[in-house]
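Please read it with the structure open.

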Amino acid sequence: MSFSEITGNEKLKERLGQIITGKRIFHGYIFEGPAADADALADQFVKAALCESQSGDSCDSCVSCRKVDAGNSEDIITYGVEGSIKDKEVQALISRTLKKSYTGNRVFMIIRNADQMTARAQNRLLKTLEEPPTGVTIIMITENAENLLQTIRSRAQLIKLYSDGVEKPESDEEFRKRAIATAAAVIEGKPVFSIWKDIEFFVSAKPSAQAFIGIAETFYRDVLISAYDRDGRLIINRDSIDVIERCRKKLSPDILAGAIESSETAAADLARNVSAGHAVKYMIFDIQEKLAR
Ligand SMILES: [Zn+2]
């Protein structure tokens with residue numbers, strides 16, 4: 001099995017390959033998509049990441065690839081059952097993972113049907129995502145990332161598959177860049193009319209409003225964290241490090257904490273069925289009002 005044997009999601013596969021060759025494997029991922037496709041893509045990502053060739057894909061012939069194919073790689077701990085995933089099961093998974101990680105190789109913990117985790121189980125996992133042990137990557141697979149706690153989503157990178165395997169005209173990457181640019185403009189106090197087109201774009205549908213709010217929140221967190229996380233290990237939007245640095249120099253921790261709070265309120269508003277337009281616009285006005293104080 002290699003990336004090329006998985007059909008569709010071409011850009012996504014390319015991005016996953018680049019993450020591996022660039023040695024930018026993050027500590028948490030959410031693979032969102034139809035179960036069989038998301039499982040296959042996540043499995044292939046892990047296999048390629050562990051492959052001794054480090055070419056961005058699996059070679060199918062090294063020791064690691066053969067172990068993965070035989071289902072007995074020590075570097076992968078998989079959990080996935082039908083029905084709810086409880087706190088004590090997640091706890092056991094984490095301690096197995098930590099034990100393995102001392103042996104040297106990166107260890108991947110894969111949780112299938114991740115939205116079946118109880119809230120307590122998710123909170124248990126969240127602690128590990130917040131203080132990620134070196135060499136551990138947690139992959140959660142779900143058909144709908146919105147069923148995971150917002151706090152979990154904000155500490156993991158979303159890898160979103162399209163059901164028909166065809167990407168939307170605007171890729172995730174472009175969407176994310178645009179969202180970050182807009183979030184930065186908001187907190188830098190740019191007049192709302194100058195970003196009105198972008199705002200209208202994000203509020204055109206509930207999922208894009210939700211995605212915008214989520215990305216804005218991770219961005220504000222990144223700016224806040226960047227003040228003391230000098231090696232950037234906890235920064236999620238690492239490809240926007242220049243924007244993060246620029247904002248860090250200008251903004252106080254209080255303002256950033258306020259912006260995170262406004263984003264959380266907007267996410268909760270949307271979940272309570274407040275319209276996308278109202279939730280996002282209120283969030284922006286709320287942040288800019290805090291700036292003006
Ligand atoms: Zn290999």
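1. Basis. This is a predicted model, in which local features need pLDDT of at least 70, side-chain atom pairs count only at pLDDT 80 or more, and totals for chains, interfaces and linings use all residues. Residues are numbered from 1 along each chain as its sequence is written, and side-chain values use heavy atoms, with hydrogens and water left out.

2. Zinc site. Cys51, Cys59, Cys62 and Cys65 coordinate the zinc ion through their SG atoms, at 2.3 to 2.4 Å. Donors here are N, O and S atoms within 2.8 Å of the metal (3.2 Å for Na, K and Ca); water is not among the atoms, so sites may look incomplete. The donor angles run from 102 to 119°, so the arrangement is tetrahedral (four donors with all angles between 85 and 135 degrees). The sequence spacing of the donor residues is C-x7-C-x2-C-x2-C. Cys51 lies in the loop between α2 (35-50) and α3 (63-70), and Cys65 lies in helix α3, 14 residues apart. Helices (H or I, at least four residues) and strands (E, at least two) are DSSP runs, numbered from the N terminus.

3. Burial at the site. Cys51 has 1% relative accessibility and counts as buried. Cys65 is buried too, at 0%. Buried means under 20% relative accessible area, exposed over 50%, and partly exposed in between (1.4 Å probe, protein chains only).

4. Sheet order. Five strands make an open, parallel sheet in the order β2-β3-β4-β1-β5. Strands pair if DSSP finds at least two bridges between them. β2 (76-79) and β5 (157-160) are at the edges; each has a single partner strand, so one side of each lacks a neighbour in the sheet. Neighbouring strands are turned by 20° against each other on average, direction ignored. Axes are lines fitted to C-alpha atoms, for helices over the stretch in contact, and angles run from 0 to 180 degrees between N-to-C directions.

5. Strand β4. Seven of the seven residues of β4 (136-142) are buried, so the strand is largely enclosed by the rest of the structure. Val136, Ile138, Met140 and Thr142 are buried on one side, and Thr137, Ile139 and Ile141 on the other. In a regular strand the side chains alternate between the two faces of the sheet. Five bridges join β4 to β1, with Ile141 as the partner of Phe31. Five bridges also join β3 (107-111) to β4; there Ile111 stands opposite Met140.

6. The β1 to β5 side. Four bridges join β1 (28-32) to β5 in parallel. Glu32 stands opposite Lys160. Helix α1 packs on the sheet, touching β1 and β5, and its direction makes about 145° with that of β5. Contact means heavy atoms within 4.5 Å.

7. Helix α7. The 16 residues of α7 (172-187) should span 22 Å at 1.5 Å a residue, and the end C-alpha atoms are 22 Å apart, so the two agree. The expected span is 1.5 Å times one less than the number of residues. Buried residues in α7 include Phe175, Arg176, Ile180 and Val186. Their cover includes α8 (196-202), α9 (206-226), α10 (241-250), α11 and α12. Just after α7, Gly189 takes a positive phi of about 75°.

8. Asn9 has phi near 50°. Asn9 sits in the segment before α1 (10-21) and is buried, at 6%. Asn273 has phi near 75°. Asn273 lies in the loop between α11 (253-271) and α12 (276-292) and is exposed, at 63%.

Technical notes
Four donors count as tetrahedral if all angles lie between 85 and 135 degrees; four count as square planar and six as octahedral if opposite donors are over 155 degrees apart and all others between 65 and 115; anything else is irregular.
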